[in-house]
Amino acid sequence: MVANPDRNYMSPQEYLKWEEGQEIKYEYIDGEVFAMTGGTIPHNSIALNLASALKSHCRGGSYRVNMAGAKVGVSENGAFHYPDVVVSCDERDKQAIQFLQYPCLIVEVLSPSTEAYDRGGKFRRYRRIQTLQEYVLIDAEKISLDCFNINDKGIWELHPFEEGDEVHLTSVDFHFPISFVYEDIQL
């Protein structure tokens with residue numbers, strides 16, 4: 001993510017209208033816009049592997065599965081982010097055009113330049129989404145997946161997975177071997 005050199009602050013509504021005319025995607029945080037930088041081929045393949053499997057798993061159900069082009073709004077007023085994979089089962093997101101607002105699952109594929117941000121500030125904002133049940137971070141450089149679930153007391157719990165483990169995404173009741181998301185990836 002790269003800061004926009006033009007530091008003119010925008011309202012959320014100005015951002016949404018402005019971004020429609022841009023050639024690249026921008027995230028919106030506290031009135032500022034940040035250009036989204038491109039990821040690596042392994043990064044994209046990991047996201048595609050999981051999104052494809054989730055789409056197949058959720059087919060015919062009430063879940064809506066999207067990839068990197070789908071924007072998530074923490075609220076009507078932002079922040080707005082582009083997660084690598086997002087799933088919503090909320091009726092209010094069924095007809096969404098500009099952004100999803102009620103996801104149950106958000107997935108980010110980590111890179112060395114984004115890992116601290118994805119674990120820190122971005123996760124802090126995502127936790128304000130009341131419908132979010134699960135936040136998944138997938139390492140793009142080694143077989144490792146961290147799954148954060150919210151428990152019945154409202155506390156986020158970490159469930160780490162490594163090579164040889166079976167992952168269970170409870171928000172969508174989906175089981176898979178961790179190796180599945182790394183299919184066709186050279187680490």
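Q: Which residues are linked in a network of salt bridges?
A: The network is made of Glu27, Glu108, Asp118 and Lys122. Side chains of opposite charge can pair when their charged atoms come close. Here a salt bridge needs a side-chain nitrogen of Lys or Arg within 4 Å of a carboxyl oxygen of Asp or Glu. This is a predicted model, in which local features need pLDDT of at least 70 and side-chain atom pairs pLDDT 80 or more, while totals for chains, interfaces and linings use all residues. Residues are numbered from 1 along each chain as its sequence is written, and side-chain values use heavy atoms, leaving out hydrogens and water.

Q: How many salt bridges does the structure hold, and how far apart are the closest N and O atoms of Glu27 and Lys122?
A: There are 8 salt bridges, and in the one between Glu27 and Lys122 those atoms are 3.7 Å apart. Glu27 belongs to strand E2 (residues 26-29) and Lys122 to helix H4 (residues 121-126), so this pair ties together parts 95 residues apart in sequence. Helices (H or I, at least four residues) and strands (E, at least two) are DSSP runs, numbered from the N terminus.

Q: Are Glu27 and Lys122 buried or exposed?
A: Both are buried. Buried means under 20% relative accessible area, exposed over 50%, and partly exposed in between (1.4 Å probe, protein chains only). For contrast, take Arg92 and Asp90, whose salt bridge has its closest N and O atoms 2.8 Å apart. Arg92 is exposed at 52%, whereas Asp90 is buried at 16%.

Q: Where do Asp146 and Arg119 sit in the chain?
A: These two side chains form a salt bridge of 2.8 Å, N to O. Asp146 is in strand E10 (residues 144-150) and Arg119 in helix H3 (residues 115-119), 27 residues apart. Asp146 is buried, with 10% relative accessibility, and Arg119 is partly exposed at 32%.

Q: What does Phe80 touch?
A: Contact means heavy atoms within 4.5 Å. Leaving aside residues up to four places away in sequence, the partners of Phe80 include Pro12, Tyr15, Glu27, Tyr28 and Phe99. Phe80 lies in strand E6 (residues 80-81) and is buried, with a relative accessible area of 0%.

Q: Which residues of the largest nonpolar core touch the most other members?
A: In soluble globular proteins, nonpolar side chains tend to be buried together. A nonpolar core is a set of buried Ala, Val, Leu, Ile, Met, Phe, Trp, Tyr and Cys residues joined through side-chain atoms within 4.5 Å. The largest one has 29 residues, and Leu54, Leu105, Ile138, Leu145, Leu169 and Val172 touch the most other members. Elements that each supply at least two residues of this core include H2, E8 and E10. The largest share, 7 residues, comes from H2. Apart from this core lies another, of 19 residues, among them Leu100, Ile129, Leu132 and Trp156.

Q: Which partners does Val172 have?
A: Not counting residues up to four places away in sequence, Val172 touches Leu54, His57, Cys58, Tyr63, Val87, Cys104 and Leu105. Look for Leu54 and Leu105 again here: like Val172, they are among the core residues that touch the most other members.
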